[in-house]
Amino acid sequence: MASGGGNAAAAAAKDVVDAEVVIVGGGIAGLATALALRRAGAAAHGVLVLERHAGLRATGAALTIFPNGWFALRALGVAHKLASRYDAYETSRVTNLETGATQVFRFAGNKNKGEEVRVRALDRKALLEALAEELPPGTVRFSCKLVSIDTERAAGDSSETVVLGLDDGTVIRAKVLIGCDGVHSVVARWLGLSEPASSGRSAVRGLSVFPDGHGMKRELRQFLSEGLRAGMVPISDTDVYWFLINNTIRAEKEAAGDPVKTLREVTDNLAGHMPAEYLDVVRRSDHGNLSWAPLLYRNPVSVLLGAAAARGPVTVAGDAFHPMTPDMAQGGCSALEDAVVLARALSREATPAEGVAAYVARRRWRAAWLVAGAYLSGWVQQGGAGVRGVRGWMVKAFRDWIFYRFVFPRLADTMWFDCGDLTPPPPPPTIGKSHHTE
């Protein structure tokens with residue numbers, strides 16, 4: 001009996017894991033934050049990333065990295081691995097299919113900070129792999145589902161320990177918990193952040209392959225129509241990323257998750273009137289990289305208030321903190337910024353709780369602005385989702401005559417934000433040793 005009890009105690013002990021920092025979610029925000037903490041020397045005793053999927057996620061097929069994202073990737077030490085693989089582009093050509101008018105605008109204006117810091121579309125999985133390659137083996141644990149969060153404080157100790165429960169019975173004790181678990185974040189819900197709201201729009205996204213080369217110009221092509229905005233951009237000589245943003249329709253629920261139904265709905269109904277070159281790209285889609293999902297965002301006022309984004313040593317980053325629509329391509333870029341700022345704050349403040357509070361204070365204003373700017377940009381470009389009559393005409397006139405010429409360049413300026421570098425704190429001074437010169 002005593003022996004059996006000892007074995008049970010030993011088995012239970014094996015299910016308790018101690019970690020300095022636990023990150024929930026192995027997407028862009030999670031991997032970037034883990035790497036940033038390592039680069040900044042903010043977690044000398046280890047970082048653990050919990051990912052509920054069995055491997056690196058590639059949902060979304062591709063993403064566009066603007067200069068602010070490249071500044072962050074440069075701080076993380078991985079920009080060179082990606083910039084050399086993907087070509088930059090500087091212009092977007094927008095065609096209004098209702099009027100036939102085409103406008104061309106530049107993303108960078110007169111700004112130039114080197115070949116590396118430019119706009120590039122790249123494969124999402126390639127970014128995840130570039131980040132993951134820099135982490136020590138065992139940093140990311142796959143097939144881990146978080147089911148409970150609690151905190152405890154030892155007697156006579158002002159610091160808190162976060163206690164996490166996994167679905168397999170494992171208990172993890174950590175000094176810091178960072179939720180990078182996406183729009184429907186478990187950590188954000190535990191913190192009390194407001195639930196994401198529907199924008200009234202959805203996005204179909206895909207990656208198409210031209211084995212013999214596509215021959216397309218390096219630019220973002222966009223097409224505007226009633227309640228629709230479609231676009232395509234090459235990410236390599238053979239691959240083209242495309243998207244279709246539409247006012248949410250009933251067919252989405254039936255088609256989402258089924259590539260064949262999704263493509264049929266796009267080509268036969270939603271985008272049947274789009275130019276032949278766009279439809280040709282869509283029909284070549286890789287079924288494994290196709291998605292159709294609603295576009296959600298967190299109220300920017302809620303993001304700005306920011307108090308709920310931190311509780312003791314617990315916080316959130318990326319979509320878990322500030323989900324936004326993709327209309328300024330800032331979801332991934334802002335997550336990379338979060339990683340750098342959070343790691344720097346944790347490395348410089350005296351306690352984890354102070355580091356978390358400093359991070360939220362520094363990020364909430366910018367995050368709220370990006371959420372609001374993205375929502376406004378998408379709403380205007382689609383002619384005001386759900387707006388009809390004279391008001392609808394006014395929104396379209398504003399878009400065609402003012403937005404692209406005067407407003408978008410102002411929004412583009414926010415994409416040149418530099419989140420700064422990651423430098424480990426200096427080592428403590430050596431005590432008891434003298435240095436002389438002979």
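The following legends describe close-up views of a predicted model.

View 1. The model contains 5 aromatic pairs. One of them, formed by Phe 223 and Tyr 278, is edge-to-face, with 6.0 Å centre to centre and 65 degrees between the planes. Phe 223 and Tyr 278 are both buried.

**View 2. Three residues make up one aromatic cluster.** Trp 242 belongs to this cluster together with Phe 223 and Tyr 278.

**View 3. Arginine residues lie over tryptophan rings.** The ring of Trp 190 has the charged end of Arg 311 over it, at 4.1 Å from the ring centre. Over the face of Trp 70 lies Arg 120, where the distance to the ring centre is 5.5 Å.

**View 4. Strand 11 pairs with strand 15.** Strand 11 (residues 197-209) and strand 15 (residues 291-297) run antiparallel and are joined by 6 bridges. Within this pairing, Arg 205 has Ser 291 of strand 15 as its bridge partner.

**View 5. Strand 11 also pairs with strand 14.** Here the strands again run antiparallel, and 9 bridges connect strand 11 to strand 14 (residues 239-247). Opposite Leu 207 stands Tyr 241, a residue of strand 14. In a regular strand, side chains alternate between the two faces of the sheet.

Conventions
Residues are numbered from 1 along each chain as its sequence is written. This is a predicted model: local features need pLDDT of at least 70, side-chain atom pairs count only at pLDDT 80 or more; totals for chains, interfaces and linings use all residues. Side-chain values use heavy atoms; hydrogens and water are left out. Rings of Phe, Tyr and Trp (its six-membered ring) pair if their centres lie within 6.5 Å; planes under 30 degrees apart count as stacked, over 60 as edge-to-face and the rest as tilted. Buried means under 20% relative accessible area, exposed over 50%, partly exposed in between (1.4 Å probe, protein chains only). A charge sits over a ring if NZ of Lys or CZ of Arg is within 6 Å of the ring centre and within 35 degrees of the ring normal. Two strands pair if DSSP finds at least two bridges between them. Helices (H or I, at least four residues) and strands (E, at least two) are DSSP runs, numbered from the N terminus.
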